[in-house]
Amino acid sequence: MPDIAALEPTETIKRRWPAMLGAMLSVAMVVMLGRELLGAGLAGLSRATPDSPWFYVAFLGLYMAAPTGDFIIFRRLWGIPWDGFVALHKKRIANDVVLGYSGEAYFYAWARARAKMVAAPFGAVKDVSLLSAIAGNAATILLCALALPIGYQLMPPAVLSAVAGSAAITVGISVGLLLFSRRVFSLPRGELWWVFMIHCVRLAVSSLFVALAWHFAMPEVPLWMWLFLSAARLLVSRLPLVPNKDLLFASFAILLIGQDQALSEMIAFVSALTLAVHVLLVIAFACSAGIRGLKIWRG
C-alpha cells in the first residue's frame, strides 16, 4: 500500500495546476505588454492623437467586441458569473501579446479551477475556438470572392498567388472541419450554430467599429472607403501564405487613399492605444485581486 503522505504533494499539484497555469500566463502577459509598449507602443502614443471624442467611443466598441461576444457565448453555455468577463479579457490579452491560443489555455485553467460551475470545460472551449476560426475563414472566403475581381489588378503577381493559395487553404481547412464535425465537436448541433452566428456578428461589429474609429481619426476619407479597408484588414489578417500581413495592408491602404504618413501614424496610434488599455486592465485586475485577497486574509 503506497504511503499516503507521499501522495499528498502530487494531489496538491493536480488540484492547483489551473491556478499555477493562470499565474504563469498572467506574468507572461505583464512581461510581453511591457516589452511591446516600451517598443513600438510608446512611439505610436507620442504622435498626434485624434481630436474627435467619437474616435474613442468607436475604439471602445472595437475593444469590447471580442470579450463581449465570448461572454454572451459562455454565459449561455455555462452560465458564467460576471467575473468571467475579467477572465475573458485576460484571454484576449494573452492571445494578443503572449502566444496564439495561450488565452484559451488561460480560460480553460480558469474554468477548470471552478469545477462546480462546469465539470468538463475543454470541449466547449475547443468548440468555441474552432467555430471562431471557421467564422473568420468564412468571412475570408466571402471577402476573397468579392475583392479579387475588383482588386486583382492592384496586386503584384506574387501577392495575388499568395492570396489565391491562402484562400484555397482556408477553404480546405473549413471543409475538413465540417466533414468531420461529429468527431471534432462536442457541443450539440443547435448550440454550434448559435455560437457560429455570435462569432459572425462579432466579426461584423468589429469591422464596423474599426472603420468608424478610422473615419473619426481621418474624417476627410469617406466612411465607405474605411469600411472597404476594414474588410481588407480582416481578409489580410487571415491569409496563411502572406508573410508580412501588416505591410501588405498598409501598402494597400496607402495605394487607395494616399496620405501615407497620416495613415501610418493613425494605425500606429490605434495599436499603441490597444496596448495601453491592455496594460491598464492588467494592472486593474491585479489590484482588484490583491484587495480581494487582503479582505479574505483579514476576515
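1. Is R76 buried, partly exposed or exposed? R76 is partly exposed, at a relative accessible area of 45%. Buried stands for under 20% relative accessible area, exposed for over 50%, and partly exposed for the range in between (1.4 Å probe, protein chains only).

2. A word on the basis. This is a predicted model, in which local features need pLDDT of at least 70 and side-chain atom pairs count only at pLDDT 80 or more, while totals for chains, interfaces and linings use all residues. Residues are numbered from 1 along each chain as its sequence is written, and side-chain values use heavy atoms, with hydrogens and water left out.

3. R76 pairs with E191 in a salt bridge, the closest N and O atoms lying 3.2 Å apart. The pair links distant parts of the chain: R76 sits in helix α2, E191 in helix α8 (residues 189–217), 115 residues apart. E191 is partly exposed, with a relative accessible area of 21%. A salt bridge here is a side-chain nitrogen of Lys or Arg within 4 Å of a carboxyl oxygen of Asp or Glu. Helices are DSSP runs (H or I, at least four residues), numbered from the N terminus.

4. The salt-bridge count comes to five. One of them joins D70 to K91, with the closest N and O atoms 2.9 Å apart. This pair also links distant parts of the chain: D70 belongs to helix α2 (residues 53–78) and K91 to helix α3 (residues 84–97), 21 residues apart. Both D70 and K91 are buried. A network of salt bridges links D70, K91 and E104.

5. K126 forms a salt bridge with D127, the closest N and O atoms being 2.7 Å apart. K126 is partly exposed, with a relative accessible area of 23%. D127 is buried, at 0%.

6. The largest nonpolar core has 31 residues, of which F74, L77, W78, I80, F107 and L131 touch the most other members. Helices α2, α3, α4 (102–112), α5, α8 and α9 each supply at least two residues of this core. Its largest share, eight residues, comes from α5. A nonpolar core is a set of buried Ala, Val, Leu, Ile, Met, Phe, Trp, Tyr and Cys residues joined through side-chain atoms within 4.5 Å.

7. L77 touches A124, V128, L187, E191 and V195, leaving aside residues up to four places away in sequence. Contact means heavy atoms within 4.5 Å.

8. N137 is placed in helix α5 (residues 121–151). N137 is buried, with a relative accessible area of 9%. Residues up to four places away in sequence aside, N137 touches T170, I173, S174 and R238.

9. I141 is also found in helix α5. I141 is partly exposed, at 31% relative accessible area. Together with V171, V175, L179 and F180, I141 makes a nonpolar surface patch of about 430 Å². Helix α6 (residues 157–179) gives the largest share of the patch, three residues. Such a patch joins nonpolar side chains (Val, Leu, Ile, Met, Phe, Trp, Tyr) within 5 Å, from residues with over 30% relative accessible area and no salt bridge. Areas come from the Shrake-Rupley method with a 1.4 Å probe.

10. Helix α9 (residues 223–237) has 15 residues and should span 21 Å at 1.5 Å a residue; its end C-alpha atoms are 21 Å apart, which agrees. The expected span is 1.5 Å times one less than the number of residues. Buried residues in α9 include M225, W226, L229 and L234.

Conventions. Patches are made of residues with over 30% relative accessible area and no salt bridge: like charges are joined within 9 Å, nonpolar side chains (Val, Leu, Ile, Met, Phe, Trp, Tyr) within 5 Å.
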